[in-house]
Amino acid sequence: MHFLSRFSKIARSPCLLQNTPLFTASHGVRKFSRSATRNKDGGPGQQKKKGLLERLGEGPVVGDGSYVFTLERRGYVLAGPWTPEVVIEHPEAVKSLHREYLHAGADVLQASTFYSSDDKLTMPGHEASRTITCKELNDKACTILKEVAGDADVLLCGAMSPVPSYLDGKGKEVVQREYAKQMEAFIEHDLDFLLAEFLGHVEEAEWVIELMKTKGKPVACTLRTGPKGDCAGVAAGECAVRMAEAGADVVGVNCQYDPNTCLKTMEAMKTELDKRGLSPYLMVQPLGFHCPEVENEDEGYQMLPECPFALEPRQLTRFEAHAFARAAYDLGVRYIGGCCGFEPHHIRAISEELSPERGGKLGEASKKHVPWGGALKNSMLVPNRTKGSRQHWEKTKPASGRPGYPDVQPKLINQ
Ligand SMILES: [Zn+2]
């Protein structure tokens, strides 16, 4: 509850956004200087880009947003199996979304590899995957990622999702083998860091962290846990401690819960980590939907009757994404992005909010965005001229446009 009030407090705070030097900031995606270093053969070479841990040590890192959720809405992915074969079936759609996040100001692009493990591909719904392996899918996802990134100063993340073998009780060796296959392409393509995300159990996280640590890359791990703890009842704080002790450089949560709830979980994690003298970097990538009523449900927003096809009225506004980014930063979280429901304009909002802490960096997309609707002041349409102020957007409470509909669901699935 305190974060809800924290949000409104932050939204009214005079130091938020108003003083953000958006107009003096350097727009555009930075490129590496090709004149700064030389290759062994004496020709022009690439300056070494800063790695994840170096960047996190200097300030906030802005993640990217939703992939499978957004690609489903655009008609390229099937909800349920969240078909990772999209990288082969519609590579242009994946490239386009990566480009939008880069354009928005993200510091990281995640490979589009959710649910691509071999054991997941044998489950119902993955029609095209009968003849495609995890290795082939992840290899293609990496190729796409590198093509989009080009020489932009953006980190490339090899992302892994939970494996059904864990829930089937097949044991550590089998589970690690499934993760090893997911990781193979990321190592071959020399991506910048590894991330295991959306894990429901900290034990599974420990197993994958142990394996990731053998690859010589920075290791991040996020659970789909709420404030109550993981699916086995391990408290959120204890989960963070166990992930840190397993060797993760970056720990936190993603998906399943809204920003407000995710920040409560992060606070619990930070409190326990501090108590135990552990200091991994903290990472949060929440849902882009408001769903306070599922805060204490193990499977979060999956318990909403309208998930995943009718969540639009719950979507965060850009202003709420600003407030989330500031609240996360103030809490000490340094890797701040989004999961399902976070669209490019939300990532632009995070990028703009944290621009002062990132040396004034902004994405190209901010050239087409004046803070607080400033460009509306000169609108040809008279009603819009009154909307070009911070005050207007702070006091406006978005309506759903559906009279008689509830604010939150009175009943969740199976209740
Ligand atoms: Zn998600």
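Modeller: Just after helix 9, D190 has a positive phi of about 55 degrees. Helices here are DSSP runs of H or I with at least four residues, strands are runs of E with at least two, and both are numbered from the N terminus. This is a predicted model, where local features need pLDDT of at least 70, side-chain atom pairs count only at pLDDT 80 or more, and totals for chains, interfaces and linings use all residues. Residues are numbered from 1 along each chain as its sequence is written.

Biologist: Where is the kink in helix 9 centred?
Modeller: On Q182, with a kink of about 30 degrees. The bend at a residue is the angle between axes fitted to the seven residues ending there and the seven starting there.

Biologist: And which residues of helix 9 are buried?
Modeller: V175, E178, Y179, Q182, M183, A185 and F186. Buried means 20 or more other C-beta atoms within 10 Å of the residue's own, exposed means 12 or fewer, and partly exposed is in between, with C-beta atoms placed from the backbone.

Biologist: New topic. What is phi of Y115?
Modeller: Near 60 degrees, a positive value in a residue other than glycine. Y115 sits in the loop between strand 4 (108-110) and helix 6 (118-121).

Biologist: Why does Y115 count as buried?
Modeller: Because Y115 has 24 C-beta neighbours inside 10 Å.

Biologist: Which peptide bond is cis?
Modeller: The one from C307 to P308, with omega near 5 degrees. P308 lies in the loop between strand 9 (281-285) and helix 13 (318-331).
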